Amino acid sequence: MKPIKILLPLFLMFLIHCVNAQFTVDTELRPRFEYRHGFKTLFPDETDPAAFVSQRTRLNLGYANEKLNFYLSLQDVRVWGDVPQLNIADNSGLSIHQAWGEILLNKDFSLKLGRQEILYDDHRIFGNVGWAQQARSHDAALIKFSHEKFRFDLGVAFNQDAENLTGTTLRNTRTYKSMQYAWLHKDFKDLQASFLVLNNGMQFIDNTNSENNETRYSQTLGGHLKYSFGKIDFMSNLYYQLGKDVANNDINAYLLALEANYESSPTLKFTLGTELLSGNNGGAPENGKNDAFTPFYGTNHKFNGLMDYFYVGNHNQNVGLWDVYFKTILAVDQHSNVTMALHNFSSPSEIAPNVSNQLGVEADFSYVYTMDKNISLSGGYSHLFAAEGMEYIKNNFDGNTNNWLWVMVTITPILYNN
C-alpha cells in the first residue's frame, strides 16, 4: 500500500493543474526471457547455462505548460522469482529512474534539473542504455539552448554518498565524482554535425593516507557527423581522450568509426562499417601510460555485437577493439522486420607474444513484430565463434559453444493524455 499512498497525491496534484497544461500518464511492462551460454564471456567447462526472466515496469508522468516541463518515471526491475509468492516485504528494484524539472527561461534557453537520461547523437558517449532493464540516468543540471537548427547543452554533475558534515570523498565506486560537458549540434541541408567536450572526474582513495584522496580528471573531445544524399548516408565518430585515469596513468586514447548505410528499397537497408578503439599492449596500462579508450556513458550494447563482450561492464583498460561489421534490415511487412549482423573482432594492440590479434566472429539475428501501437514482440539469437586472442583475454581455453537466445514482450499503454 505504501507506493499507492505516495502516488495518489501526485495524481491529484497533476489533475488539478492539467486543465491549462499538457498532462500525460503512460506505462511500460517489459518481461524478457534469456538463455545464456557464453554471454559476455566464454562459457567454462563443468557449468550450466543460465536461464531467467527479467522484467521492467514503469509508470511515467509528464506535465508541461508555457513555463515548465516536469517528468517523473518510477520503475521496478526484478527477476521472476526473486521475491517469494507469499511475501510480506518487496525488496526488489523499485526506484526513481527519472525525476526532473525543466524551467523554460525564454523561447531559446531552459534549465533542466534532477535525475534524467542524458543522450546525444548515436549514444556512443552518452546514452540511456535502454536495453538494460534498469537503464541509465544521471543526477545533473543542464543549461539548454536551441535556436532554429543550432543546439547547445552545458551539463554539470557532482556526486556524494550522503549529506556529510565533513569532507567530499565519494565512497561509491560505481559512479563518477564530478562531470562537466558541453555539446554543440548544427543541422545543415544534408549534414548533421555535433561536437562534444567531456571533463570526467573519478574519485581516488588512498586507504593508508586520506590526505592523498583526490579527484582525477580525464578529458574526452570529438565529434559526430552524419551526411545524407539520396538513398545513402554516411556516419562518422572521432573522439580523443587525455588526462588521468583513477590510477593516475596518463591517458592517450582514441575512437574512430566510419559507417555507410544504403536503403535499396523501402523494405531493405544495408550497413557496412568499422570502429576502432585504441588499447594497451598486453591488456593493461604500464609505465604510467594508458592507451585504452573508454566510451564512458554510452549505450554500449548497441555497438560491437549484441552478446556484450566489449565495454558493457567489461573490457575496459584492455587491448582495445577493431570491429568490422555488416548489417541488413529487412521489413517483412508493415508489422515486422528482421535484422542480421555479422561482426569481425580483432585487437589493435598486442595481446601476448606469438598470439594472434584475431578475437572472433559474432553473428546476431533479431526479429520484431508489432502487434499493436502499444504491444510488440521481439526476439533474437546470437552466436560467437571465438578465436585464440579471445581465449587469452578471457583466460578461458575450454573451447565451448558460446550462444545467447532472448525473447521479449513490450507493452506501453497510454493511460491518459489531455
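Asp121 is placed in the loop between strand E5 (109-116) and strand E6, where strands (E, at least two residues) and helices (H or I, at least four) are DSSP runs numbered from the N terminus. The structure is a predicted model, in which local features need pLDDT of at least 70 and side-chain atom pairs count only at pLDDT 80 or more, while totals for chains, interfaces and linings use all residues. Residues are numbered from 1 along each chain as its sequence is written, and side-chain values use heavy atoms, with hydrogens and water left out. Phi of Asp121 is near 55°, a positive value in a residue other than glycine. Most residues other than glycine have a negative phi. Asp121 counts as partly exposed because its relative accessibility is 29%; buried means under 20% relative accessible area, exposed over 50%, and partly exposed in between (1.4 Å probe, protein chains only).

A positive phi, of about 65°, also occurs at His315, which is not a glycine. His315 is found in the loop between strand E14 and strand E15 (321-333). With a relative accessibility of 7%, His315 counts as buried.

Asp121 is also one of the residues that line the largest cavity. On a 1 Å grid over the protein atoms alone, a cavity is a set of points where a 1.4 Å probe fits but cannot get out, and lining residues have an atom within 4 Å of a point. Grid points are joined across faces, edges and corners, and a volume is the space filled by probe spheres set on the points. The structure holds one cavity of 30 Å³ or more, and the volume of the largest cavity is about 40 Å³. Its lining consists of Tyr120, Asp121, Asp122, Arg124, Ile125, Phe126, Trp183, Leu196 and Tyr239. By class, six lining residues are nonpolar, three are charged and none is polar; Ala, Val, Leu, Ile, Met, Phe, Trp, Tyr, Cys and Pro count as nonpolar, Asp, Glu, Lys and Arg as charged, and the others, Gly among them, as polar.

Phe126, part of that lining, also belongs to the largest nonpolar core. A nonpolar core is a set of buried Ala, Val, Leu, Ile, Met, Phe, Trp, Tyr and Cys residues joined through side-chain atoms within 4.5 Å. The largest core has 41 residues, of which Ile118, Phe126, Met179, Tyr181 and Phe310 touch the most other members. At least two residues of this core come from each of strands E6 (138-147), E8 (178-187), E9 (191-204), E12 (250-265) and E19 (402-411). Strand E12 supplies the largest share, four residues. A second, separate core has five residues, including Val25, Leu59, Leu61 and Leu72. Leu74, in strand E3 (residues 68-79), is partly exposed, with a relative accessible area of 21%. The C-alpha atoms of Leu74 and Leu61 are separated by 8.7 Å, and the two residues are 13 apart along the chain.

Contacts (heavy atoms within 4.5 Å) were also examined for individual residues. Leaving aside neighbours within four places in sequence, Met179 is in contact with Ile118, Phe126, His138, Gly155, Val156, Ala157, Leu198, Asn199, Asn200 and Tyr297.

Gln203 has its place in strand E9 and, at 12% relative accessibility, counts as buried. The side chain of Gln203 makes a polar contact of 2.8 Å with the side chain of Lys177. A polar contact is a pair of N or O atoms within 3.5 Å; within protein, one must be able to donate a hydrogen and the other to accept it, and residues adjacent in sequence count only if both atoms are side-chain atoms. A polar atom of the Gln203 side chain also lies 3.0 Å from the backbone nitrogen of Leu170. Gln203 and Thr175, 28 residues apart in sequence, are 9.0 Å apart from C-alpha to C-alpha.

Arg216, in strand E10 (residues 214-229), is buried, with a relative accessible area of 11%. Its side chain is joined to that of Glu214 by a polar contact of 2.7 Å.

Asn290 lies in strand E14 (residues 289-290) and counts as buried at 1% relative accessibility. A polar contact of 3.1 Å joins the side chains of Asn290 and Asn280. Not counting residues up to four places away in sequence, Asn290 touches Asp245, Asn249, Asp250, Ile251, Asn252, Asn280, Pro285 and Gln317.

Terms used:
1 Å grid on protein atoms, 1.4 Å probe; cavity = no way out; pocket = protein on both sides within 12 Å on 5 of 7 lines; lining within 4 Å.
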